[in-house]
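Have a look at the fold before reading on. We'll go through some charged pairs and then turn to the ligand.

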Amino acid sequence: MLKGKSLLEPMDFTVDELESIFALADRIIASPADYMHKCEGKLLATLFYEPSTRTRFSFEAAMLRLGGQVIGFSEPNSSSVAKGESIADTTRTVACYCDIAVMRHPKEGAPRVAANSTSMPVINAGDGGHQHPTQTLTDLLTIRRKKGYIGDMTVGLCGDLKFGRTVHSLIKALSRYEGIKFVLISPDELKIPDYVRKGVLIKNNIPFVEVTDIKEALGGLDVLYMTRVQRERFFNEEDYIRLKDCYILDAEKMKLAKEDMMVLHPLPRVNEIAVEVDDDPRALYFEQAKNGMYVRMALIMSLLGIEG
Ligand code: CP
């Protein structure tokens with residue numbers, strides 16, 4: 001069903017296709033040894049034009065745990081990108097050697113340019129402030145495993161909603177599930193962009209409110225998705241310094257939340273979640289990071305057309 005497709009944004013897959021990936025991830029988690037030879041003879045390329053820990057490592061770990069192999073770069077200046085090679089030419093060349101590629105790039109749309117230049121599946125591992133669909137797979141799998149299904153919940157998204165690609169992708173993906181309400185918590189300067197507010201929320205009649213005070217919102221949330229204020233997306237250091245610590249979730253604030261509220265964060269975090277919250281059973285962000293590897297195993301298998 002998904003064989004040969006690329007994943008550039010969450011809407012590229014139907015809800016049923018996503019469900020097939022989550023069900024496969026569940027099977028892999030239950031019995032990883034059954035999957036350790038599934039991708040033998042297959043090669044994954046990791047093309048990272050921007051720093052990453054979780055996304056790159058989890059993709060590499062995913063392919064290696066499936067018995068496949070990985071080549072790539074995490075520093076584009078070590079490749080012919082430094083000589084001015086285009087994204088299209090780099091991708092066409094990589095497709096001569098590899099079966100599937102993962103690309104992170106600071107420019108919005110770069111993975112689409114890559115996908116348009118080849119028949120090899122290309123996975124968007126984050127493009128600028130735009131989309132991060134495999135983080136969304138990670139987020140949805142974590143919610144699904146905790147709650148049993150995806151839907152009927154109030155989701156608070158807090159922090160940098162303007163440049164936060166994980167937030168944009170998650171809102172798009174959740175907009176297709178029943179009973180979702182959003183509470184968008186940000187300073188005025190970092191509010192959700194119009195292409196998400198109008199193009200997704202208003203267009204699809206999804207209930208949402210925009211607030212600035214996290215304490216006001218906490219008691220009504222089933223999921224709190226914290227995000228980092230991203231220094232690398234600001235043009236002005238003064239604005240970053242003024243806004244970077246606008247929300248800090250700590251043990252005191254967690255007292256205001258429901259006993260079963262899920263705290264998610266795509267990570268990396270800086271100050272927005274105090275380390276003391278890590279021991280709270282509602283803090284799921286490291287479990288979420290681990291789920292990222294399993295869901296990427298399921299995604300690689302699905303795009304390569306490998307039964308599981
Ligand atoms: N969540 C995420 O994309 O983390 P990295 O930037 O470390 O890959």
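Predicted model: local features only at pLDDT ≥ 70, side-chain atom pairs only at ≥ 80, totals over all residues.

**Charged pairs and a ligand**

Let's start with glutamate 252, which is exposed, its relative accessible area being 52% (exposed means over 50% relative accessible area, buried under 20%, and partly exposed in between, with a 1.4 Å probe and protein chains only). Its partner is lysine 255: the two form a salt bridge, with the closest N and O atoms 3.1 Å apart. A salt bridge here is a side-chain nitrogen of Lys or Arg within 4 Å of a carboxyl oxygen of Asp or Glu. Lysine 255 is exposed too, at a relative accessible area of 62%.

Residues are numbered from 1 along each chain as its sequence is written, and side-chain values use heavy atoms, leaving out hydrogens and water.

Across the whole structure, a search turns up 15 salt bridges. One of them pairs arginine 165 with glutamate 50, at 3.2 Å from N to O. This pair ties together distant parts of the chain, 115 residues apart: arginine 165 belongs to helix H6 (residues 165-174), and glutamate 50 to the loop between strand E1 (43-48) and helix H2 (54-65). (Helices, H or I with at least four residues, and strands, E with at least two, are DSSP runs numbered from the N terminus.) Arginine 165 and glutamate 50 are both buried.

Now try helix H7. Aspartate 194 and arginine 197 meet there in a salt bridge of 2.5 Å, N to O. Because they are 3 residues apart in helix H7 (residues 194-202), about one helical turn separates them. Aspartate 194 is partly exposed, at 39% relative accessibility, whereas arginine 197 is buried at 15%.

Finally, the ligand. Which residues are around it? They are Ser52, Thr53, Arg54, Thr55, Arg104, His132, Gln135, Pro266 and Leu267, each with a heavy atom within 4 Å of it. The side chain of serine 52 has an N or O atom 2.6 Å from a ligand oxygen, and the side chain of histidine 132 has one 2.8 Å from a ligand oxygen. Threonine 53 uses a backbone N or O atom instead, 2.8 Å from an oxygen of the ligand. Taken alone, the ligand exposes 260 Å², and the protein buries 91% of that (areas by the Shrake-Rupley method with a 1.4 Å probe).

Note on methods. Polar contact = N/O pair within 3.5 Å; in protein donor to acceptor, adjacent residues only side chain to side chain.
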